[in-house]
Amino acid sequence: MHDIRLLDCTLRDGGYVNDWKFGNENLISVFERLADSGVDIIEIGFLDDRRPFDTDRSIMPSTACADAIFGQLDKKHAMVVGMIDYGTCAIKNISPCKDSFLDGIRVIFKKHLMHEAMEYCRQVKALGYNVFAQLVSVTSYNDDELTELIGLVNDVQPYAVSMVDTYGLMHPEDMLHYYELLDNDVVSSVRIGFHGHNNFQLAYANSIAFLDKESKHDIIVDGTLFGMGKSAGNAPLELLGMRLNDKYQKHYNIDAMLEAIEETVRTFYSDSPWGYKTFFFLSAKNSCHPNYVSYFQNKQNLSASKIDELLAMIGPEEKKLLYDKLSAEQLYNNYADENIPERESLEAFGKEISGRKLLLVGPGRNIRLQEKKIADFIGQNSPFIVSVNYIPEGIPADCVFVTNGKRYHDMTLTLNRTRTKVLATSNVECRNGSFDFTVNRAPLLDREERIMDNSFLMLIKLLHKIKVKEVYCAGFDGYSDKEDNYCDPSMEYNFVKKEALHLNDYMRKRISEARTDMHIEFITYSAYDEVEDINGASI
C-alpha cells in the first residue's frame, strides 16, 4: 500500500486570514502543537522577499529569517517546509538546505509559468531541499497541458507534485480525473499531493476520495487547523487526522491539534471568520476569480442572482481565473445600460398620480422627529405618497420606489400584507409576477458621481421625465458622519458616513439644478434645502 503523509499549512494558508500576523508566541505555539500531533509535514509560511522581516509574521523574506523564528524549536519527526509563490523570492535568498531549519520548499505557480517555475524548482532542489511543485488552479489545465507539465516534472523529479484546487471548483470526480493522469504518467519516485479549498464544502470530501483511490505513488494530503485558510478555508487537519487514524492505521495526536485550535486558531476565527459563504459559492460556481465577485458586490445594487448572471458572462475562459478589471467594468456598464420597454409604465404611473399633490417620503430620522408636520401636511392635502426603498410605519404610502434588490427583499412581507404598489427600476427582480411599474435604471444614474445611484435623485429625474412640476418631500434629512442617518439603524450603509459631507454638497447642487424646472419643497428638515420650509422657518 502506498505511503500517506499528512501536511499542515495553517501558518501559511491560514495567513491569508490575518495577513500572516499570528504573533511570535502563537507561531511557536502552533508549531510545537503540530510537532506534538505527529503530523508528517509542517509548512511554516511564505518565503517572499517583497515583505520585510517581522518576527510576528509567517511571511519572511529569506530562509535565514525563517531560521530566526523557528530555528531553535524541536521539529521532532516532522519535515519542515516553506512556500514560495514563483517570482517572489530570489534564489539568492535561499540558503543551502544543510544550513537551514527547512527541509523542503513548496513552489506554487500558474499554468502559463510552468516552464520557468520548474526550472526554478530544479535550482531549489540543487540546494538540497525536498522541492514540491504546486499546480495552482489545477482545474485550469486541460489534459494536453497537464501532460506537458508532467514531462517537466519527470525531468526535474521533485519530491512531490500537488494538485491545488485554488478556487474550490472541484468535485470528487474532477479531482480523480487529474489524479489518474498524474498517477499514470508521473515517475514513481515523485509523490502526488492534493490541496483543497471549501467553496463547495467539498475540501474534506475530495480529500477522502484522494486518500481512498488506489495509487502507484506515495501521496500527501494537505489540511489546516479548523480549516483556517484562504477564501472558504481548507480541509480541517483534525478531520483528516481522525480519518487517517481510523482507516489507515495512523497515530496522529488529535488532542494536540484541538489544543492548537483552542489556544490560537479560534481567536483569529472570532476576528475574521472563514468558511463557506455565498461569495465563494458564486466564484466557484462560475469558475472565476473571487475578485470578480467582489467587484460586482461593491456596486451595492446587484442581487445575488444578477451577480451570478454577470459572472456567467465572463469570457473567454482564460480571463475567468485571471482577474481582469476592465472586463468586469465592461460587463457592469453593459448591464447598467440595458433598456426595457418602459413607456406603458411611465404612462400608467403618470395617470396614477394625476391631479394630486405628490409627497415623497425618505427614511431619515426626521420621519419620526417631525411626524406632526408630516401628519398635518397629509391631513390638509391628501397627497399621493411615494416612499423610497422602504415602507414607513404610520404613513399610508400609495407606492414605493424601489432601486435596490436588498431593500426590496427586506420589505416583501410588508408589500404582500399592505398591497402597496411598486415602482421599480430595471435592476430589481420581482419575486412573484411583475411590478406595477418598471422603469429603466440607466437614464436615472449620475455616471460622474462616486455613488451614482442615489435613489432620491433617481426619483426626481423620473418625475421630471413625466413632467411633474411640484413635489413635497419628507425624511430626506441629508447625511451625518456622526449620527444615525436612518429612522431604522439597520438600513445604515457603512460607506455613507465616510462620504457624508461630500454627499450633502452634491445633493444640494443637484436639488438646486432640479428646481429650475420643478417646485421641490421639504416639509421636514433637510441638509439639501436652500430655501425656507413651508412654515416660513429658515433652513
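A salt bridge here is a side-chain nitrogen of Lys or Arg within 4 Å of a carboxyl oxygen of Asp or Glu. The model is a predicted one, and by this rule it holds 32 salt bridges.

Glu180 is partly exposed at 35% relative accessibility, and Lys213 is partly exposed with a relative accessible area of 28%.

A second pair brings in another part of the chain. The side chains of Asp19 and Arg57 meet in a salt bridge at 3.2 Å, N to O. These residues are 38 residues apart and link distant parts of the chain: Asp19 is in the loop between α2 (15-18) and α3 (24-37), and Arg57 is in the loop between β2 (41-47) and β3 (59-60). As for accessibility, Asp19 has a relative accessible area of 33% and is partly exposed. Arg57, with a relative accessible area of 19%, is buried; the value falls in that class because the cut-off is under 20%.

Arg266 and Glu262 form a salt bridge between their side chains, 2.8 Å from N to O. Both residues are in helix α10 (residues 254-271), four residues apart, about one turn of the helix. An α-helix has 3.6 residues a turn, so residues three or four places apart point the same way. Arg266 is partly exposed, its relative accessible area being 36%.

Arg12, Asp13, Glu43, Arg106 and Asp222 make up one network, connected by salt bridges that share partners.

Which residues of α11 (residues 278-285) are buried? They are Phe279, Phe280, Leu282, Ser283 and Ala284. The cover over these buried residues includes α12 (290-297) and α13 (304-312). Following α11 comes Ser287, which has a positive phi, near 50°.

Notes: Residues numbered from 1 in each chain as written. Predicted model: local features only at pLDDT ≥ 70, side-chain atom pairs only at ≥ 80, totals over all residues. Heavy atoms only, no water. Helix = DSSP H or I, 4+ residues; strand = E, 2+ residues; numbered from the N terminus. Buried < 20%, exposed > 50% of the residue type's maximum accessible area, 1.4 Å probe, protein only. Contact = heavy atoms within 4.5 Å.
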